[in-house]
Amino acid sequence: MATHREFRFAKVPDGMPTEDCFELVETPMPKPGDGQVLVATHYLSIDPYFRNAMTGATRYGSLKPGMTMIGRGAGVVTESRHPDFAPGDAVQSEFGWRENVVLDGDGLRKLAPDLQPISLSLGIVGQSAATAFVGLYDLAGIKKGDTVVVSAAAGAVGSAVGQIAQIEDCKIVGIAGGPDKCRFVIDELGFDDCIDYKAGPIGPGLAKAAPEGVDIYFDNVGGAILEDVLEHCNDFARIPVCGQISQYNSDEWHGLRNFNLVLNKVLTIRGLRIGAHLPRRDEALEILLGWWREGRLRYRETVSEGFESAPRAFINMLSGGNVGKQVVKVV
């Protein structure tokens, strides 16, 4: 009997996940039924929201021990019983951490032949950048001349936020951890400035980088950095809250000591979950593909080799070890 491998969620982590939170198992090779396809996974998307799912704290799906790990993937159809897909088609969807997966047509996206490597469909021409797009246009109402600040600026979503802001002729200031990441977003991605939060409080750096104040803050980390940026927001600033990665491994969530600024400055803070904007996400993906073809989007990936490296890649990403999109190359 033909078999393949998948990772299952083994136990709820206490703080930072460890490799024994996952179990690698061998299972029978799945077979597609009518209206389905069999896809060989080439890349897995490694994302922060997995950590919340481990404690049941996300709308993306709660994990219980014994369940297959969740996550998006990109791969190639190897067998099809679906009229719209043929063997050899590159596709992207929710795969889970599986070497092979059977999918129906719902949510299965056929990739453009010129999109290479196909891992880009998970990052700068995928869900990460679409999240940045929806947050900036639909939640924050970005307009020319805005001063935009983004945390986790060297990550998959943050790097896309900065580049979209540049396309809209905005000033873009990043917040990232360490001089190497700050150099990356300035020298390679073209940000106007970047503040290293590991070097000390960000307030003085933000006052220097954005003396005119902040119009949009795209929040990926929450906690103390969100508090500090609020102090520098202009009246009527817009704040999409995409992630709170600084909080995910903590037993107690950090509240905002200066929440009064939301009233005093008439700020708009909105949660951003891309699953609540699926039609708009699909529109964004087409626009992003066009920008990528025009050479307007740059990217870097942190690639972990081999399916068995997925847990290490996840821990690396949560520890801030990635630059750009963290992916696992399966084949």
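**Salt bridges in a predicted model**

Glu188 forms a salt bridge with Arg300, and their closest N and O atoms are 2.3 Å apart, where a salt bridge is a side-chain nitrogen of Lys or Arg within 4 Å of a carboxyl oxygen of Asp or Glu. The structure is a predicted model, in which local features need pLDDT of at least 70 and side-chain atom pairs count only at pLDDT 80 or more, while totals for chains, interfaces and linings use all residues. Residues are numbered from 1 along each chain as its sequence is written, and side-chain values use heavy atoms, with hydrogens and water left out. The structure holds 23 salt bridges.

**Glu188 and Arg300**
- Glu188 lies in helix H4 (residues 179–188) and Arg300 in the loop between helix H8 (278–293) and strand S14 (301–305), so the pair ties together parts that are 112 residues apart in sequence; helices (H or I, at least four residues) and strands (E, at least two) are DSSP runs, numbered from the N terminus.
- Glu188 is partly exposed at 37% relative accessible area, and Arg300 is also partly exposed, at 34%, given that buried means under 20% relative accessible area, exposed over 50%, and partly exposed in between (1.4 Å probe, protein chains only).

**Asp89 and Lys110**
- Asp89 forms a salt bridge with Lys110, with the closest N and O atoms 3.7 Å apart.
- Asp89 is buried, at 17% relative accessibility, whereas Lys110 is partly exposed, at 45%.

**Glu227 and Arg257**
- Glu227 forms a salt bridge with Arg257, the closest N and O atoms lying 3.2 Å apart, and a network of salt bridges links Glu227, Asp228, Glu231 and Arg257.
- Glu227 is buried at 5% relative accessibility, whereas Arg257 is exposed at 57%.
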